[in-house]
Amino acid sequence: MSNVIALKLRDIDQKASLKFADVANALEVRPETVSRWNQGKAFPQPEPEQRLLELGYVVEQLAGFYKPREARVWLLSPQKLLDHQKPIELIRAGRFRELLAVINELRENLYF
């Protein structure tokens, strides 16, 4: 059986160019911890696991209209639509639904 967390981390890297250090920062864990998850040597605790899954979902939504490097820049930069907060900080705070609302707004503006 493959490591589902490793697959999620690879997907996040491929679709948003986020490395272990970026993911660790978003989840408030150490990069070494993310590396152990990737290797299957450890499994995330419930809260970091939830944030990881939310980050993965946000990245999946962004992949619909941003290239990986563009998604990375968007996630790490202050956004006017988020009261100048960084999207990655909202992930850290468990506020990913706010990001989804903004992503939907961005998508609508791109296609109409």
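This is a predicted model: local features need pLDDT of at least 70, side-chain atom pairs count only at pLDDT 80 or more; totals for chains, interfaces and linings use all residues.
## Where H1 meets H5

Let's start with helix H1, residues 4-16, and helix H5, residues 68-76. The axes of H1 and H5 come within 6 Å and cross at roughly 100°. Angles from 65 to 115 degrees count as roughly perpendicular, and H1 and H5 are therefore roughly perpendicular to each other.

On the H1 side, the residues that meet H5 are Gln 14, Lys 15 and Ala 16. Their partners in H5 are Pro 68, Ala 71, Arg 72 and Leu 75. Sorted by class, this contact of H1 with H5 has four nonpolar residues, one polar residue and two charged residues.

## Where H4 meets H5

H5 also packs against H4, and here the axes are 10 Å apart, at an angle of about 125°. H4 and H5 are therefore oblique to each other. The crossing in which H4 passes H5 is right-handed.

By class, the contact of H4 with H5 has six nonpolar residues, with no polar and no charged ones.

## The nonpolar core

In soluble globular proteins, nonpolar side chains tend to be buried together. In this model, the largest nonpolar core has 30 residues. The members that touch the most other members are Leu 18, Val 23, Leu 55, Val 58, Leu 62, Trp 74 and Leu 75. Two or more residues come from each of H1, helix H2 (20-27), helix H3 (31-39), H4, H5, helix H6 (87-92) and helix H7 (96-111). H7 gives the most to this core, with six residues.

Leaving aside residues up to four places away in sequence, Leu 62 touches Ala 71, Trp 74, Leu 75 and Ile 103.

## A buried glutamate

Finally, have a look at Glu 54, which has its place in helix H4, residues 46-62. Is Glu 54 buried or exposed? Buried means under 20% relative accessible area, and Glu 54 has a relative accessible area of 6%, so Glu 54 is buried.

Which residues does Glu 54 touch, not counting those up to four places away in sequence? They are Ile 91, Gly 94 and Phe 96.

Definitions and conventions:
Residues are numbered from 1 along each chain as its sequence is written. Side-chain values use heavy atoms; hydrogens and water are left out. Axes are lines fitted to C-alpha atoms, for helices over the stretch in contact, and angles run from 0 to 180 degrees between N-to-C directions. Helices (H or I, at least four residues) and strands (E, at least two) are DSSP runs, numbered from the N terminus. Angles under 35 degrees count as roughly parallel, over 145 as roughly antiparallel, 65 to 115 as roughly perpendicular and the rest as oblique. Contact means heavy atoms within 4.5 Å. Ala, Val, Leu, Ile, Met, Phe, Trp, Tyr, Cys and Pro count as nonpolar, Asp, Glu, Lys and Arg as charged, and the others, Gly among them, as polar. Buried means under 20% relative accessible area, exposed over 50%, partly exposed in between (1.4 Å probe, protein chains only). A crossing is left-handed if the near helix is turned anticlockwise from the far one by less than a right angle, and right-handed if clockwise. A nonpolar core is a set of buried Ala, Val, Leu, Ile, Met, Phe, Trp, Tyr and Cys residues joined through side-chain atoms within 4.5 Å.
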